Each structure stands twice: as C-alpha cells, then as structure tokens.
Amino acid sequence: MATILALETSCDETAAAVVRDRTVLSSVVASQINIHQPYGGIVPEVASRYHVTAVGESISAALDQAGLHWAEIDGVATTCAPGLVGALLVGLTAGKTLAMVHQKPFLGIHHLEGHIYANYLAHPDLQPPYLCLLVSGGHTSLIYVKDCGHYQTLGQTRDDAAGEAFDKVARLLGLDYPGGPVIDRLAQQGNPQAFPLPEGNISLPGGGFHPYDSSFSGLKTAVLRLVEKLRAEGVDPLPIHDLAASFQATVARSLTKRVMACAQAYGLTTVALGGGVAANSGLRHQLQQAAEQQGLRVMIPPLSLCTDNAAMIGCAAADHLNRGHRSTLALGVQSRLDLARVMELYQPIPMA
Ligand code: KG4
Ligand code: ZN
C-alpha cells in the first residue's frame, strides 16, 4: 500500500492530490481556462507563471483535505513528460524539493500513463491487458496496456490531436475556447447526418488505409471549406448545431471504428478511455454501442478524472512505488516522450 502526494502541471491545470493505491483521498484542480480564454488557446509562458503562483496553495489544500501529515506520505510524484517544458518544470521542482525536504522517494510520471491510470481510480478491479484510447488536447493514441510501465502504441493521429481538432473547429465557427465542451453542447440539438465529412483515413502506399492511425487536420480543413461554401452561398446564420453535430459524429465514428478493429485484432476484450475528449457524449455513446455489439467491456472514468488532474498521477505513482520503482532527483522534464520509454524514468531496482 502506498500513499502518494502527486502534482500535475504539464499544461493549463495546477493540480495536487493525495492518493492511496487506487483510492483518491483528496484532489485539487486549479484551472487556468479563464486566463487563456481571451487568447483562444494556451499561452505557455502565462501557464508557467500561473503554476508558480498556484502550486503551493494546491499542495496545502490537497494535504488538508486528505487530513494527512507528512509522516503518512510514502512518496512524492509529479508529471515530468510530455507537456509544456516551463509548466512541467514548476511541478517537478516543487515535487523534488518536497521529496528532498521530507526525505521521501520521488517519482516522475508520464502524463499519458496518468490518463491510463484514471481508469483504475474509477474501476479498482481493472487489470491489464486491455486497450486504452487516449484522446486529449495533445494526444490521440490507441495503447495496448500490458502492465504497469509497459505500453505499446498501436495507433495515433498523424497530425492534430482529437481535442485540438475540437478546439480548432470551434474557433473557426466563432465559438469559445476550449471548443470540445461547447461543440458537445451544441451538437445535442443538431443533425449528425446533416453534412458528410471525411473520417481522416491515412492512405497506405500499397493501397487501402491504415487500420488504426488517423488524421484530424484533413477533417478540420473539410469543415473550414464547408463553412466557406455556406457563407459564399449566403447562408446566414450558419447552421451551427448541424455543423457541430456532424463534426462530432465524424470524430466519434472515426475513433470508434479504430478502437473496435484494434481490440479485435489483438484479442483484447476490455477497452478503457482517457483524456479530456473522453468527456465527449457522442464518443461515449458510439463507443458504448459498438462495444455492446462486439461483446466488449468499456471503462469510462467520470469527467473529473478524464480531464487533467493529479489523482491519476498519484495512482500511477503508487503502482510504481509498490513495485520498488523510484526516480532520481536528477530527473528532468521532456516535452515529448514515447510511452514505450516510461521505465527509463526509474532507477533499476536494487538486487536484494
Ligand atoms: O486531457 P485534457 O484535459 O488536457 C490535455 O492533456 O490536453 O484535454 C483537453 C481537451 C481540450 O482540447 C478540450 O476541448 C477537450 O479536451 N474536451 C472535449 C470535451 N471536454 C474537453 N472534447 C470534446 N467533448 C468534450 N465534452
Ligand atoms: Zn492530459
């Protein structure tokens, strides 16, 4: 059993949590959405500065809410990759300092491994192997989860991430940032079949399409051309609900098809979701329907665990610490890091 104080500052949320194995004892998330909204996207330098001002208070609040003292904490964990370098550095420096001062083991955690672990908080009985679809503002990956620290990426986007596509399409429709929740809300009142859009297939040199990779940049451009065409035809106001519903249904269909094909090809009977776009009602609905038809079990964490939080980081760290893994205090941050390299973040386990 491991009790972890975890920090997450890889992007635009300053988060701290206390987690005991697969149980959340406290979780604090200070969102910066309002700060970045006027810019229509995240400004990295602004994000770092906000983390500096918010991280101390978030840590105190997480410890207070858990009702624990340092003596009861077994380790300190922070996200160290991938993400915005300046933002990651704030959490990493805070985490390493606390580990040093309180003489606790320190663990750097891969952000995507954290998103995978959100599923264990929601479903403590979940065990590998399973397939995890990670869809966030920065990633769209189909991951074969083999064990703690052991992952194989089977499919990914070749350009824009799914969340990025939602944000960019929202922007070109004149909607607020972040675009995902806004499109999701508008889509409820639209016709998903109103406009046929491309599903973002990747052609293979020998013919046919890549079964698991996708491209959302082409889909975003298709929406842009469609909007230009409607405007040129004098359509005013734009059929915003139908556009949102058609776009959302296309993304959901594209992802669902790939998940189902992948699960079948690798003989995996459980599918888990993670990342901010897992909050999307269209995706949840299509995936659940398809999984039911194919006899698969689908795990979807609650919304608060889908978007960035530190509880998921603490859950991953607890599993690593229970296995004797720990990072050195010389660990740095990395803007990119393949999930297959997670174990490089830890020292070899000393022989007994
Ligand atoms: O995982 P996350 O909180 O941060 C990253 O690691 O990127 O994901 C943020 C992304 C944003 O692009 C946001 O638009 C998208 O998740 N998102 C959604 C929904 N809620 C958040 N996309 C579609 N539908 C939603 N309901
Ligand atoms: Zn994330």
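These exercises walk through a predicted model, each with a worked solution.

Residues are numbered from 1 along each chain as its sequence is written, while chains are lettered from A and ligands numbered from 1 in the order in which they are written. In this predicted model local features need pLDDT of at least 70, side-chain atom pairs count only at pLDDT 80 or more, and totals for chains, interfaces and linings use all residues; side-chain values use heavy atoms, with hydrogens and water left out.

**Exercise 1. The zinc site**

Find which residues coordinate the zinc ion (ligand 2), and describe the site.

Step 1. Look for donors, which are N, O and S atoms within 2.8 Å of the metal (3.2 Å for Na, K and Ca); water is not among the atoms, so sites may look incomplete. His111 (NE2), His115 (NE2) and Asp308 (OD) coordinate the zinc ion (ligand 2) at 2.1 to 2.2 Å.

Step 2. Read the spacing in sequence: H-x3-H-x192-D. His111 and His115 are four residues apart in helix 4 (residues 111-122), so about one helical turn separates them. Helices (H or I, at least four residues) and strands (E, at least two) are DSSP runs, numbered from the N terminus.

Step 3. Check the angles. Four donors count as tetrahedral if all angles lie between 85 and 135 degrees; four count as square planar and six as octahedral if opposite donors are over 155 degrees apart and all others between 65 and 115; anything else is irregular. Here the angles among the four donor atoms run from 93 to 148°, and the site is irregular.

Step 4. Check burial. Buried means under 20% relative accessible area, exposed over 50%, partly exposed in between (1.4 Å probe, protein chains only). Both His111 and His115 are buried.

**Exercise 2. Aromatic pairs**

How many aromatic pairs does the structure hold? Work through two examples.

Step 1. Rings of Phe, Tyr and Trp (its six-membered ring) pair if their centres lie within 6.5 Å; planes under 30 degrees apart count as stacked, over 60 as edge-to-face and the rest as tilted. The structure holds five such pairs.

Step 2. Take Tyr144 and Tyr266. This pair is edge-to-face, 5.8 Å centre to centre with 65° between the planes. Tyr144 sits in strand 7 (residues 140-147) and Tyr266 in the loop between helix 8 and strand 9 (270-274), so the pair ties together parts 122 residues apart in sequence. Tyr144 is buried at 18% relative accessible area. Tyr266 is partly exposed at 34%.

Step 3. Take Phe166 and Phe247. They are also edge-to-face, at 5.0 Å and 75°. Phe166 belongs to helix 5 (residues 162-172) and Phe247 to helix 8, so parts 81 residues apart in sequence are tied together. Phe166 is buried at 2%, and Phe247 is buried at 0%.

**Exercise 3. The largest cavity**

Which elements each supply at least two residues of the lining of the largest cavity?

Step 1. On a 1 Å grid over the protein atoms alone, a cavity is a set of points where a 1.4 Å probe fits but cannot get out; lining residues have an atom within 4 Å of a point. Grid points are joined across faces, edges and corners, and a volume is the space filled by probe spheres set on the points.

Step 2. The search finds one cavity of 30 Å³ or more. The largest cavity holds about 50 Å³ of space.

Step 3. Its lining includes Leu133, Tyr212 and Arg258. Strand 7, strand 8 (150-156) and helix 8 each supply at least two residues.

Key: On a 1 Å grid over the protein atoms alone, a cavity is a set of points where a 1.4 Å probe fits but cannot get out, and a pocket is an open set with protein on both sides within 12 Å along at least five of seven lines; lining residues have an atom within 4 Å of a point.
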